[in-house]
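Biologist: I am new to this structure, and I would like to learn how to read its features one at a time. Could you take me through a few of them?

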Amino acid sequence: MVQLYNLHPFGSQRVVPCKQEPAHFCCGQDVLFVASAAASCRVEVFAVREQGRCEALGSFATLGPVLRMAHSSAGDYLVTIEEKSKTTFLRAYMNWRCMSAGSSRVCVRMVGHKMEESYSETLKEQMSVVEMPLSDPPLCISCCSVNGDLLVGCKNKLVMFCLKHRVINQNLTVLDFERSLILHIDNLIPAEVAFCARHIAITTELDVLILKLELVQQSADGTQQRAQRVGAPEKAVDGGVKDESPSTHPLELELDEFIICQKPVELLGEESKLCEIPVTLESTELPTEDTKHFQVQYLLFRRFAPDQSPFGFCEETKLHSVQLLPVYQTGISATGNFCEETENKRKLLSLFCFFSLPHVGYLYSIGKLVELISTYQYSEKSEQAVLTPQFLHVITSQNLQCFTVRCSAAAARGEDPYIDTTVKACPPVTLDVCTLRMQLFIGPRAICHFKNHIILLTKADTEDITERRKPTRRMLSRKADGIKSRANSESEPGWNLYIINTVSTIQLYREMVDYSRTYENVKTESCIHLLSEAHLLVRAAIMDPYFLKSDEKEDLLRAFRESCAFLGDCYSRFDTKDYHLALPYYRMSGLSMTEVLKRLVSEGDEIRTYERGFIFYLTHSLNEDSNEELSKTALACGFIGQPRLLQQHKEGIVMPTEFAVHLKEMQPGLLVAATVALHENSKIELEEADTFFKMLCNSSENTIPQLLMDFWEALLVVSSKEYILQKLLLRVTSQYVWRISRKQLPDTKPLKTTEDLINSCSHFGLIVPWVSSIMSVGCSRDKDYHEDISRLQSLLCSQSISIASALPFLEPLTEADHVGLTIRVLCNTHLGKYEEAIDQLLRRCPDALVFYAQHELKGGNQALWWTKLLPELCKRTRLTGNDCPVLISSLKETLSIVEMELELRDFLSLLPEDGTAAFFLPHLLHCSQRKLLT
């Protein structure tokens with residue numbers, strides 16, 4: 001389907017001041033050649049300056065009227081097919097630029113003849129006409145834009161001439177041709193040919209054949225085959241491409257009462273061999289060590305049927321405008337930067353072939369894969385078309401139409417394997433083409449193109465002239481200085497040769513971008529389509545061989561990156577199945593994540609909508625970053641300048657945006673980090689943040705969602721305000737206790753583990769060994785709540801929290817279980833109630849008593865070993881006897897500590913009078929030995 005927009009790719013236009021009515025014209029580099037239709041048999045040459053201004057350089061005579069003409073950039077020569085006395089001639093005009101310098105010398109010579117005599121030092125500044133005789137009349141011609149070789153189409157054959165540089169002497173090198181190869185093709189009368197990089201496209205009235213000449217190695221014995229016949233098996237293709245009966249030849253199909261048409265066929269790649277059009281190669285150049293040997297590869301064959309109507313067949317159904325378009329490698333990086341190492345290299349990247357019927361045109365890629373990439377439906381019958389890397393220009397009976405093309409999209413994929421990955425992207429080759437403009441002209445007849453100029457010949461019929469004189473008919477008038485008076489202006493049709501300037505790529509790109517904004521809130525696909533066209537327009541300009549010399553080079557690279565950013569915006573904000581393209585387009589734009597965030601807020605500070613694409617971009621950017629935490633922090637800082645991305649105020653209440661909801665689901669860690677950054681920069685108050693997260697998680701006023709807990713814990717890491725810290729410490733303590741006592745699991749998985757908090761936050765301390773000892777003998781039913789338990793214990797193991805303020809929140813955790821025991825003992829220890837803590841452990845968990853004493857009874861509290869712990873253990877051991885081995889082992893550990901600290905007399909005074917001597921004697925001996933050693 002062809003989209004229709006009303007843009008302005010055409011700029012100013014001027015009239016070429018031709019002296020005679022043009023019959024044919026062509027462009028070359030910076031000049032325009034115009035062959036006269038009159039009997040004067042001349043070619044006028046015009047230099048094309050800025051804005052399409054024409055300056056006459058001179059003219060030169062031809063042998064007869066020009067039937068076909070073409071210019072080759074390689075070699076800068078003009079080749080023509082001319083007719084004289086009903087005989088056609090093939091001629092090439094070399095060194096024609098000397099005509100503009102005032103030289104009238106002309107040398108006419110036969111191709112391949114020795115040139116020493118005719119090219120003396122005094123005559124080198126002269127135009128040289130090379131005549132190339134052929135055994136059959138030339139019908140069509142084409143020059144290779146890569147190397148300047150010439151291909152000539154004749155009945156049943158194609159003749160290839162190689163462009164040669166002949167060295168006459170050390171100061172003089174001239175151009176010549178050498179007939180090198182003949183392709184014999186049976187039963188083929190070429191209407192048009194196209195030749196580029198050893199690829200050949202041939203059209204007849206209804207057939208298209210594309211071939212490639214492949215280089216082959218010479219045989220081992222040094223011999224070469226002078227003629228090679230390439231054909232297909234003798235069988236029909238798809239029920240009727242070929243029939244063995246000689247009467248079925250296309251030229252012999254017409255019978256008395258019927259017209260028999262062959263079935264339409266499309267054969268691509270290897271299948272095109274089945275077209276049964278045999279090709280025989282005949283090498284005609286003199287064999288040398290550098291002689292090239294070729295074989296034919298079939299790439300495409302397509303046969304069309306005439307258009308049908310209720311009244312019979314349309315005799316005007318003929319192919320026209322066959323063209324091969326090369327695209328060259330650019331070296332553009334993912335961020336749109338130009339690789340300087342490719343600056344002086346021009347490497348052919350892709351090749352495209354276009355041909356057209358009156359009402360539809362076809363564009364094929366014929367690189368590694370032969371495929372149809374675009375079909376163009378015209379609004380009316382076309383006369384001619386010309387393909388450029390950026391546009392397809394088509395003329396009809398009343399219009400000059402401009403279509404977009406997909407060459408740059410196909411070539412980009414051939415150049416860069418990372419396209420269509422998460423690294424790089426490019427609009428698809430299958431993207432619908434569009435008509436940018438339909439410009440009214442009266443009687444367009446022929447068209448050609450070079451650089452940013454379109455050359456258009458118009459010729460009005462008598463009816464058109466009469467009609468355009470009516471006051472109601474608007475027309476494009478010819479400038480007075482370009483009009484040649486005609487003796488019989490009433491009956492002679494009028495003609496004009498225009499140079500139409502296409503606007504600069506940057507100007508048209510800007511118009512496309514502005515136009516796309518009219519669709520961004522109405523028609524999503526149209527907005528993406530126009531921005532994709534704008535991106536491909538810039539990409540095609542960068543692939544142009546003249547890009548390196550372009551004054552717009554930096555502007556084009558800037559526009560390339562900008563177009564990537566625009567497409568990234570579309571795929572991040574619109575609900576589209578291709579939302580994942582936001583990631584590669586943003587990457588190619590060169591924008592940082594912070595800069596991407598800023599793009600989500602319009603100039604009026606209104607939050608733009610966004611969809612899965614933006615979340616996909618954020619998620620992958622963070623996940624693929626080598627330092628995710630640093631990246632997440634940097635991105636969170638980006639929200640400081642754009643708080644409206646996350647929050648909006650309604651009736652004085654801070655409410656989450658849709659974007660915040662998406663982040664909650666896809667990147668909760670980033671959401672928490674961003675809210676922390678907003679709080680620390682006074683963009684949101686603590687109470688507002690509480691309300692924000694509760695609304696975000698659909699929690700009631702009295703319910704604390706885990707995401708809010710994650711926020712409080714993250715704020716503890718960075719906040720430096722003491723009153724905020726104490727408030728947060730009490731809040732998290734209260735929530736830990738509530739969940740532990742209610743056996744309530746978090747509604748979502750916490751973003752950080754206890755170990756993460758201990759390593760990152762000074763308010764969470766290392767859990768002391770005696771707490772772990774108590775928990776190791778505790779009930780296994782608490783393991784499901786281990787994270788909350790360990791968080792609370794870690795918090796109480798630090799010196800940050802005010803125990804006196806926290807005690808009311810800790811009341812629900814009784815001493816009855818091991819969790820409550822650890823909390824009670826920790827609180828008593830913080831409050832200096834060591835004796836009470838020892839009593840709690842003696843009652844509930846004597847296994848941990850020694851661990852507790854070793855960790856807590858130090859310094860000024862060391863005396864509690866013998867004033868509190870030893871007497872209590874002796875008393876309890878006496879009461880239980882051997883029934884409690886834990887108390888006995890604890891008593892031994894305590895004695896081993898006390899014997900090292902006290903004098904023998906003091907140690908002896910602490911021992912019970914009714915104690916078993918054998919139990920205490922080893923400790924007394926150790927104490928006395930320590931005294932003797934000291």
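Biologist: How many residues has helix 17, and what does it reach from its first C-alpha to its last?

Modeller: This is a predicted model, in which local features need pLDDT of at least 70 and side-chain atom pairs count only at pLDDT 80 or more, while totals for chains, interfaces and linings use all residues. Residues are numbered from 1 along each chain as its sequence is written, and side-chain values use heavy atoms, with hydrogens and water left out. Helices (H or I, at least four residues) and strands (E, at least two) are DSSP runs, numbered from the N terminus. The expected span of a helix is 1.5 Å times one less than its number of residues. Helix 17, residues 786-797, has twelve residues and reaches 16 Å, close to the 16 Å expected.

Biologist: Is helix 17 mostly covered or mostly uncovered?

Modeller: Buried means under 20% relative accessible area, exposed over 50%, and partly exposed in between (1.4 Å probe, protein chains only). Ten of the twelve residues of helix 17 are buried, among them Asp-788, Arg-791 and Cys-797.

Biologist: Why does Arg-302 count as buried, and with which side chain does its own side chain make a polar contact?

Modeller: Arg-302, which lies in strand 22 (residues 293-303), counts as buried because its relative accessibility is 15%. A polar contact is a pair of N or O atoms within 3.5 Å; within protein, one must be able to donate a hydrogen and the other to accept it, and residues adjacent in sequence count only if both atoms are side-chain atoms. The partner here is the side chain of Glu-266, at 3.5 Å.
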